[in-house]
Amino acid sequence: MEGPATPDGMTPLRIAHVRDVAEGIRSFELVHPDGAQLPVFTPGSHIKIRVPNGAIRKYSLCNDPAERGRYVIAVKRDERGQGGSISLVDDARVGDTLLASVPENAFPFVETAPSYIFIAGGIGITPIMSMIASMGELPAAPWKLYYFTRSPETTAFLEELNAPELRGRVHVHHDHGDPAASFDLWPVLERSSGAHVYCCGPQGLMDAVRDMSGHWPHSNIHFESFADGSRPRPDDTPFVVQLAKSGRSLEVPVGKSILDVLRESGCDVASSCESGTCGSCRTGLLAGEADHRDMVLMPEEMESQIMVCVSRARSAELVLDL
């Protein structure tokens, strides 16, 4: 990305267009202030944005990756969040400048799959929109989207997904807030095939897909969470991590992840999604009982590995292979 970069590597982008794409969901088109091309991104990518209140948040890119002149994001105004989405939706206007990072991808699209099943809930449609756009009108492999929302009014990009050329590939289901009216995904996932499954949405949806796809090849199932998996839970308690190689002992308080504490102590651990879905921060677990909160580890891996971006401890201490 050309232009004056800030010390933390973020670059100013101008808001060129704003559009309400559903009730409580607003899309923003971001362009380079000088009209220059933007760095290439791949389907499923996200960028970090410094929103008007100063917080930094990640948003999936939902336009066609072939476009070099703009990034498009869609933001749900979350009353129960930490204020980032409210700041962006309420305070950002056309012509304003926001600082943005270069694109990263923690939800990569396998372009050689024989077919695709996309499963999205709510605002989880955003990374899948870029995947669908990347395949064009004549995709090399068949695909189908199952998109779950509360109502037509809260369904982002409904007009685009109802386009005649997508007929037969898109199934939109509204439960109107009634759990008994939820869509049954079992017929979709009952038979394992060579398809790759991409799921993004609320935790309950991802848990259901993970449970129903346990008999599929692990490499064919992909998740991305739009929620902050490190957000504290009411029963969280502090614990200690021992770093076996350095002999250091670090306390992990409520409200901070193991990854946060490792960074603050100068311990460099790879990470990307920071929501427990990409697997970048996989770390060896030598002792202690982990409270696994990720969507990556298989049951047979949970005794010896941990995703430090979201998972915590059930025991008073964990010993990590660091």
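A salt bridge here is a side-chain nitrogen of Lys or Arg within 4 Å of a carboxyl oxygen of Asp or Glu. By that rule, this predicted model holds 16 salt bridges.

**View A. D291 and R314 form a salt bridge.** The closest N and O atoms of D291 and R314 are 3.3 Å apart. D291 lies in strand β15 (residues 290-291), while R314 lies in the loop between β17 (312-313) and β18, so the pair ties together parts that are 23 residues apart in sequence. D291 counts as buried, at 10% relative accessibility. R314 is exposed, with a relative accessible area of 56%. Salt bridges that share partners join D236, D291, R293, R312 and R314 into one network.

**View B. R210 and D207 pair within helix α5.** Their side chains meet in a salt bridge (3.6 Å, N to O). Helix α5 spans residues 203-212, and R210 and D207 sit three residues apart in it, about one turn of the helix. R210 is partly exposed, at 31% relative accessibility. D207 is also partly exposed, with a relative accessible area of 25%.

**View C. E67 meets R70 in a salt bridge.** The N to O distance is 3.1 Å. E67 counts as partly exposed, at 27% relative accessibility. R70 is partly exposed too, with a relative accessible area of 26%.

**View D. Strand β18 pairs with β12 and with β14.** β12 (residues 239-243) and β18 (residues 317-320) run in the parallel sense over four bridges. β14 (residues 282-287) pairs with β18 in the antiparallel sense, over two bridges. V319 in β18 stands opposite Q242. V319 also stands opposite A287.

**View E. The second largest pocket is lined by 24 residues.** Its volume is about 540 Å³. C62, N63, M129, A133 and E160 lie nearest the centre of this pocket. At least two lining residues come from each of β1 (11-22), β2 (25-31), α2 (125-135) and α3 (158-161). By class, the lining of this pocket has eleven nonpolar, four polar and nine charged residues.

**View F. The second largest cavity has a volume of about 40 Å³.** The count comes to two cavities of 30 Å³ or more. Residues lining the second largest cavity include S271, S272, C273, E274, M307 and C309. The lining of this cavity divides into five nonpolar, six polar and one charged residue.

How values were computed
Residues numbered from 1 in each chain as written. Predicted model: local features only at pLDDT ≥ 70, side-chain atom pairs only at ≥ 80, totals over all residues. Heavy atoms only, no water. Pairing = 2+ DSSP bridges. 1 Å grid on protein atoms, 1.4 Å probe; cavity = no way out; pocket = protein on both sides within 12 Å on 5 of 7 lines; lining within 4 Å. Points joined across faces, edges and corners; volume = space filled by probe spheres on them. Nonpolar A, V, L, I, M, F, W, Y, C, P; charged D, E, K, R; others polar. Buried < 20%, exposed > 50% of the residue type's maximum accessible area, 1.4 Å probe, protein only.
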